[in-house]
Amino acid sequence: VLGLCVMLGMGGQVTFSTAGLMGIGAYATAILTTRFALPTLPALLIAVVLGSIFSFVVGLALFRLKGSYFSFASIGFTTLLYTIFSNWMDVTGGPDGISRIPKLDLYLFQCENYYDYFRVYFIVAILCFLVVLRMRHTSFGRALASVRDNEIAARSFGINAYMTKVYSFTIAGVFACLAGAMYALHANYISPEPFKYDQSAIYLIMVMLGGVDSTLGAFIGSMLLTILPEKMRFLESYYKLVYGVGVIILMVFMPMGIMGFVSFVKNKIRIFCKRKKAAKAGTEVA
């Protein structure tokens, strides 16, 4: 979702490729650890590097398209990857997937249970959060924002809009491949199901719900759309209906997401305080 924060929030590009790229990271890690007996940490790093190269090459092709055409192409790309994961039996195991993936071993520390994974993955998530937060204040982040706001104006200032978007897609791909590799090492088994187009749509809703242009919003949206469905299971067959209506209502009344709404309220309070202070100063002068 932080990768989508870069793509959508900073770059204004809607992509449904997240789940497919996660699959690349997951299957690369699974194959390297089970068939080549590579230790988990080097396998994870190699999977991320391979995923970044793959994302860069795919980005060069997909960004020949613009706007909604790029979004539709990303759907086709994810569907193509899912088809490969499901049918390439010799490599991916097809519908049976790949099992017996070893647990994450960091040499100095090995994840043995859920709480070990939570501690390690939480630290990784915070590090990724800090990277995206810093990226917003770099020349690349500003170039990406300018391409989002007005691509023609960005070009007039000498920004290579095409390569800027390709780099943003690559960065999002790195985050997605990292997440896929971490998922494989946590679940110890992977199949094609988590890497369908439907899952990409859920990740997109997460970033939109938390706040499209907010790094913290990625965390909030992810937590909400992970926790709420579990808390609503008492509704049984109706929970998806309530869940869907709730998301629609939130997006109608808070189109910029939760953090966008918080920023809106803060600005209103700031303006009110300034007006009150100005009125008070005017009264004292009078």
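User: In this predicted model, does R100 count as buried or exposed?
Analyst: The relative accessibility of R100 is 79%. Since a residue is exposed when this value is over 50%, R100 counts as exposed.

User: Where is R100 found, and what is its phi?
Analyst: R100 is found in the loop between α5 (89–92) and α6 (114–135). The residue is not a glycine, yet its phi is positive. The value is near 60 degrees.

User: What share of the residues of the chain count as buried?
Analyst: The chain has 286 residues, and its C-alpha atoms fill a box of roughly 85 × 50 × 40 Å along the principal axes. The chain exposes about 15,800 Å², of which carbon and sulfur atoms supply 70%. The share of residues that count as buried is 43%.

User: Which element of the chain has the lowest mean pLDDT?
Analyst: For the chain, the mean pLDDT is 90, and 98% of the residues reach 70 or more. Among the elements, helix α2 (residues 18–34) has the highest mean, 96. The lowest mean, 76, belongs to helix α12 (residues 239–253).

User: How many residues of helix α1 are buried?
Analyst: Helix α1 covers residues 2–10 and is mostly covered. Its buried residues include L2, C5, M7 and M10. Just after α1, G12 takes a positive phi of about 70 degrees. Within the helix, the number of buried residues is 9 of 9.

User: Does S71 count as buried or exposed?
Analyst: S71 is found in helix α4 (residues 68–87). Its relative accessible area is 11%, and a value under 20% means buried. S71 is therefore buried.

User: Where is A37 placed, and what is its relative accessible area?
Analyst: A37 lies in the loop between α2 and α3 (40–62). Its phi is near 55 degrees, a positive value in a residue other than glycine. A37 is exposed, because its relative accessible area is over the 50% cut-off. That area is 64%.

User: Which residues does K66 touch, not counting residues up to four places away in sequence?
Analyst: K66 is found in the loop between α3 and α4. With a relative accessible area of 51%, K66 is exposed. The residues that K66 touches, beyond those up to four places away in sequence, are E151 and R155.

User: What is the distance in space between K66 and Q13, C-alpha to C-alpha?
Analyst: K66 and Q13 are 53 residues apart in sequence. From C-alpha to C-alpha, their distance in space is 9.0 Å.

User: How many positive and negative side chains does the chain have?
Analyst: The centres of the two sets lie 14 Å apart. The chain has 24 positive and 13 negative side chains.

Technical notes
Residues are numbered from 1 along each chain as its sequence is written. This is a predicted model: local features need pLDDT of at least 70, side-chain atom pairs count only at pLDDT 80 or more; totals for chains, interfaces and linings use all residues. Side-chain values use heavy atoms; hydrogens and water are left out. Buried means under 20% relative accessible area, exposed over 50%, partly exposed in between (1.4 Å probe, protein chains only). Accessible areas come from the Shrake-Rupley method with a 1.4 Å probe; for residues, only the protein chains shown count as cover. Lys and Arg count as positive and Asp and Glu as negative; His and the chain ends are not counted. The place of a charge is taken as NZ of Lys, CZ of Arg, CG of Asp or CD of Glu. pLDDT is the predictor's confidence in each residue, from 0 to 100. Helices (H or I, at least four residues) and strands (E, at least two) are DSSP runs, numbered from the N terminus. Contact means heavy atoms within 4.5 Å.
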